[in-house]
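Student: I'm new to this one. Could you take me slowly through a single part of it, a loop and whatever sits around it?

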Amino acid sequence: MFLIAFMFRHLIYCIIAAGVLCSCGTSRRAAYFRDQPADSAVTIAPPQEIRLRPYDRISIVVSSRDPKLAALFNLPVVAALAAGNDTISAQGLAKYTVNAKGCIDFPVMGALHVAGLTRDSIASMIKRRLADGQLLADGVVTVEFDNLCLSVLGKVNRPGRFKITRDCVTILDAVAMAGDVAKGANRRKVVVVRHEDGRQVSYRIDLTSAESIYSSPAYYLRQNDIVYVTGK
């Protein structure tokens, strides 16, 4: 009889413990997007590609079926790679820094205004000029970011400065880069600080609200944005 009572109590404790664990798991899952019902759709703003600004740095590589001809439109280190010199690592690719006027000095073509353009726009412009000037008919142009970064500070598990290696980086990507919000974070008050037209602008985002996240002008982040997760 005692054994039966003991097993019964043990079973009750197990059920209670399981209920607590399930409720904790549900709470964690519900920490984000609490206002979005299951199996529902939310409208998201069109993707916003990153546009270059003065002092951003990029790499540009021009390729062709004729490596020697393509090498004329690459900086010296890249030219060595294009010519088949595999002793130079990809880490050594020469970079272009956008100057204060928004231009880069491109081989043969000279000054090219790239500020305000996306990677695809820059690649298309260079490819078009190569073709129109009968310089390189089959040119393939690849543009990559080099020094573009964003910062995540405050109540996150891994605060720091993170490189931007692709377009359309979101606020959720930034939180994930920083290892998610930490204990004691206020998910309802995440601030994105951004420099726009000589002003410092702050956007507040509620990570528990899908509407707040997806409708925010700061949903898609830009280079040099600062994401600050406040405490409770």
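Tutor: Leucine 135 is found in the loop between H4 and S5; helices (H or I, at least four residues) and strands (E, at least two) are DSSP runs, numbered from the N terminus. Keep in mind that this is a predicted model, where local features need pLDDT of at least 70, side-chain atom pairs count only at pLDDT 80 or more, and totals for chains, interfaces and linings use all residues. Residues are numbered from 1 along each chain as its sequence is written, and side-chain values use heavy atoms, with hydrogens and water left out.

Leucine 135 counts as partly exposed because its relative accessibility is 33%; buried means under 20% relative accessible area, exposed over 50%, and partly exposed in between (1.4 Å probe, protein chains only).

Glutamine 134 belongs to that loop too, between helix H4 (119–132) and strand S5 (140–145). With a relative accessible area of 75%, glutamine 134 is exposed. Its phi is near 55°, a positive value in a residue other than glycine. Most residues other than glycine have a negative phi.

Now for what flanks the loop. S5 pairs with strand S1 (residues 57–63) in the antiparallel sense, over six bridges; two strands pair if DSSP finds at least two bridges between them. Across that pairing, serine 59 stands opposite glutamate 144 in S5. Three strands make up an open, antiparallel sheet in the order S2-S1-S5. Its edge strands are strand S2 (96–97) and S5, each pairing on one side only.
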